[in-house]
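Welcome to a short tour of a protein model. Have a look at the chain first, and then we can walk through its parts together.

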Amino acid sequence: MYQMGRTYEDLGLYREAAYYYKSVVNQEAPFPANKLHMAQARVDLAIENWDSAKTHCVNAYETGAGELASLEC
């Protein structure tokens with residue numbers, strides 16, 4: 001699911017990417033939580049979903065993304 005989201009994001013299909021990232025963020029996944037939240041925040045910013053982007057940026061920071069990684073938020 002993460003890879004599908006990443007592929008759609010690379011193609012500029014942000015709404016589709018958001019769907020796949022959201023499904024991965026909401027379940028136990030073998031990916032670090034901070035990376036999943038940052039990916040979701042990136043696509044939320046691209047589709048102008050500001051509230052969700054802010055939430056995912058905060059979650060990314062709280063799960064170890066650090067200030068530099070979450071700077072774009």
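## Terms and ground rules

Two residues are in contact when heavy atoms of theirs lie within 4.5 Å. Helices (H or I, at least four residues) and strands (E, at least two) are DSSP runs, numbered from the N terminus.

This is a predicted model, in which local features need pLDDT of at least 70 and side-chain atom pairs count only at pLDDT 80 or more, while totals for chains, interfaces and linings use all residues. Residues are numbered from 1 along each chain as its sequence is written, and side-chain values use heavy atoms, leaving out hydrogens and water.

## The overall picture

What is the protein built from? It has four helices and zero strands, in the order α-α-α-α from the N terminus on. The C-alpha trace spans about 25 × 25 × 20 Å along its principal axes. The radius of gyration, taken over C-alpha atoms, can be held against a globule rule of 2.2 Å times the number of residues to the power 0.38. For 73 residues a compact globule would come near 11 Å, and the protein agrees, with 11 Å.

A residue is called buried under 20% relative accessible area, exposed over 50%, and partly exposed in between (1.4 Å probe, protein chains only). Buried residues are 34% of the 73 in this protein. Of the contacts with a separation of 6 or more, 39% join residues 24 or more positions apart.

## Helix α2

Helix α2 has 12 residues and reaches 16 Å from its first C-alpha to its last, close to the 16 Å expected at 1.5 Å a residue. That expected span is 1.5 Å times one less than the number of residues in the helix.

Which residues of α2 are buried? They are A17, A18, Y20, Y21 and V24. Their cover includes α1 and α3.

## Helix α3 and its neighbours

Helix α3 takes in residues 33-46, which makes 14 residues, and its reach of 20 Å from first C-alpha to last is close to the expected 20 Å. Its buried residues are N34, L36, H37, M38, A39, Q40, A41, V43 and D44. These pack against α1 (2-10), α2 (14-25) and α4 (50-69).

H37 lies in α3 and is buried, because its relative accessible area is 12%. Leaving aside neighbours within four places in sequence, H37 is in contact with V25, H56, N59, A60 and T63. A46 is also placed in α3, but A46 counts as partly exposed because its relative accessible area is 38%. A46 and Y14 are 32 residues apart in sequence, yet 6.7 Å apart in space, C-alpha to C-alpha.

## After α3

Helix α3 is followed by E48, a residue in the loop between α3 and α4. Is E48 buried or exposed? It is exposed, because its relative accessible area is 56%.

The backbone of E48 is worth a look too: its phi is positive, about 60 degrees, although E48 is not a glycine. Most residues other than glycine have a negative phi.
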